[in-house]
Amino acid sequence: MAKRTLLTIVAFLLVSSFAFGQLADPVSWSYKTKKVSADEFELIFNARIDAGWHLYNQDPLKDGPMPLVFHFDKNPAIQLLGKVVEKTKPTKKFDEMFGLNVKYFSDEATFVQRVKALTNKPITVKGSIEGQGCNEGNCVPLETDFSFKVTGAVPANPASEQALAVAADTVKSTAAPSKDTVAKATTISQEELVKAAEPTKAQGKSLLAFFIGAFLAGLAAILTPCVFPMIPMTVSFFMKKDGSKKTEHGKAIFFGFSIIFIYTVIGTLVSVIFGADFANFISTHWLPNLLFFVIFMVFAFSFFGMFEITLPNWMVNKTDAQVDKGGFGGPFFMALTLVLVSFSCTGPIVGSVLVQSMGGKVILPIVAMLGFSLAFAIPFTVFALFPSLMNKMPKSGGWLNSVKVILGFLEVAFAFKFLSIADQTYHWHILDREIYLAIWITTFTLMGFYLLGKIKFAHDSDVEHVSVPRLMMALATFSFVVYMVPGMWGAPLSGISGYLPPQSSMDFDMSRGVASATTSDIGKVKYGEFLHLPHGLKGFFDLKEAKEYSKKVGKPIFIDFTGHGCVNCREMEARVWSDLRVLKLLQEEYVVLALYVDDKMELPQAEWKTNAKGKVLKSLGKINADYQISKFNVNAQPYYVLMNADEKLLVTPKAYDLNPDNFVEFLKKGIEAYKSKK
């Protein structure tokens, strides 16, 4: 009887305690919604905890307190993006009641769940929260329902892919968030990505560099044998005095501007006719790359004197007939005649500049021709204004043909760049790095011997002695050859890495394995039989595999959006990835994933994907490119993304930046962000 009475009292006390706990819930909840993009929202849970009580976090512990759990009712109109994130840092302490180290919140705590709306109609997100609250000696189970109102997705008006590509390609460096920002932020919104990719001063610097290159090409064109002798012949036109000095000077200046106008119109036509879509086509497809290889070789043969590329005589004669009509029409047609007559020498150079510019953005062909024509027009205009200066000009001779031959050697070298792009993109393996280097070493060695007069072409004059300028050029050429030789055995050759096939294509790379020696073996990876990472790094080429491995090892993912024909990608790998600090972080702290956006391998039908526009994507490169555009609103390479296995961004992605210190900081902040969200 006594035992039964005792049990009844104990049971009564337990029930009373439980009932009290339910009536006086130590944790109260409030909810609000924050819109972060057109179709993504943050559901924010705020918990207010009574004094003396604490709420355990989401980590489950064996034989420990009940963890905090968020249950979401199934709703086809909403997609959960990752898990609930604890925005408030929990306190970690040894709990004598459980005999364990536990994590809990006091006073207040904030939790965030990111969701994506799959419809533009209003949505109600419902669910429940379960957990446990404790104070000194008492614990109560907690359970409450929640409900959020989401307005629905707003139809977006995204920037065009072309505009996004221009913006992303100009970003040289992107600052990662501070520690405070990392601790408070759970994701990077799409708006922030687009903002980070807005044009900066780097775009102006890039255009200026290309303008200078085209300007130098224009100066080189002047020194060819079919242009230089035309300076006195053309300027003699302005020595006919048929008006005032002011009028004659005006005609001379108009003549110079006419040259610039004609070439700039050519650049504009190329830009309008071909545009950015064609630029993307020529940068990856085998057909235009092979075509440009042939064109460059034909230009080289022309410079070597095998034949001349000329325009039809009727075209030249027709413009020449307009020269003597007087007024300002005469100088304009004189400029047009000059452009046409000099085509046999300037055509290959103009073609080379335009081909290089079409691999970039729409504005580059115009900038290219503006720079080229400015350099080309300056000497003609100056001598037209001051004819007496012609007496001080160097006389034409065999040196002009030497300039032409040297340009021919350069055309041969650059021709193989286009063949290399097609070879890498389609995995032909006929022009791997050592073969490519062997061709360049041979080409520039022959060029050096030519400068020393050891090789002679049909139209060359005898070299009785080597002049100092030729000797200096030969010295520079042979020095360049010596610089390239170690590359045959794996030297990175950072100075020209953008023009070379990747080191992973070498058959006898003695430097390979430096990184892999300290990198764990991840086994056989998808596409690993034909795709490789630089510097012996181990990694993945398939997003799904990388995410699974990331979950397994508990490391963030480093995505390298790259391409076989990406010059800046190779330069980043040679100059930045080769830094020992970068290599150490990549191989020890990250799961490396390389996504080639221009690979032409067609996948099995089961792996085809249909994008948002309803287009079926069959090749590996197109699927990777679509993922980059749809997920990050960028389609330029290189582009580096740090994210977790749930595809949540850790810091703002980074583009082309040759400063290793900036890249190290970028990687370190990604690690900090990843650890703060675990």
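Let's start with helices H14 (residues 433-451) and H15 (residues 468-484), whose axes come within 9 Å and cross at roughly 160 degrees. That makes H14 roughly antiparallel to H15 (angles over 145 degrees count as such). This is a predicted model, in which local features need pLDDT of at least 70, side-chain atom pairs count only at pLDDT 80 or more, and totals for chains, interfaces and linings use all residues. Residues are numbered from 1 along each chain as its sequence is written, and side-chain values use heavy atoms, with hydrogens and water left out.

Back to the helix pair: the H14 side of the contact (heavy atoms within 4.5 Å) includes Trp440, Ile441 and Phe444, and the H15 side includes Met473, Phe478 and Val481. Sorted by type, the residues of this contact come out as 14 nonpolar, three polar and one charged.

Now look at strand E8 (residues 108-117), where you'll find glutamine 113. Is this residue buried or exposed? With 2% relative accessibility, glutamine 113 counts as buried (under 20% relative accessible area, 1.4 Å probe, protein chains only). Its side chain reaches the backbone nitrogen of valine 84 at 3.2 Å. Beyond its neighbours within four places in sequence, glutamine 113 touches residues including Phe41, Phe45, Phe72 and Leu80.

Last stop, helix H18 (residues 580-589): here Val582, Leu583, Leu585, Leu586 and Gln587 are buried. They pack against strands E11 (557-562) and E12 (591-596) and helices H17 (567-577) and H20 (660-676).

Terms used. Axes are lines fitted to C-alpha atoms, for helices over the stretch in contact, and angles run from 0 to 180 degrees between N-to-C directions. Helices (H or I, at least four residues) and strands (E, at least two) are DSSP runs, numbered from the N terminus. Angles under 35 degrees count as roughly parallel, over 145 as roughly antiparallel, 65 to 115 as roughly perpendicular and the rest as oblique. Ala, Val, Leu, Ile, Met, Phe, Trp, Tyr, Cys and Pro count as nonpolar, Asp, Glu, Lys and Arg as charged, and the others, Gly among them, as polar. Buried means under 20% relative accessible area, exposed over 50%, partly exposed in between (1.4 Å probe, protein chains only). A polar contact is a pair of N or O atoms within 3.5 Å; within protein, one must be able to donate a hydrogen and the other to accept it, and residues adjacent in sequence count only if both atoms are side-chain atoms.
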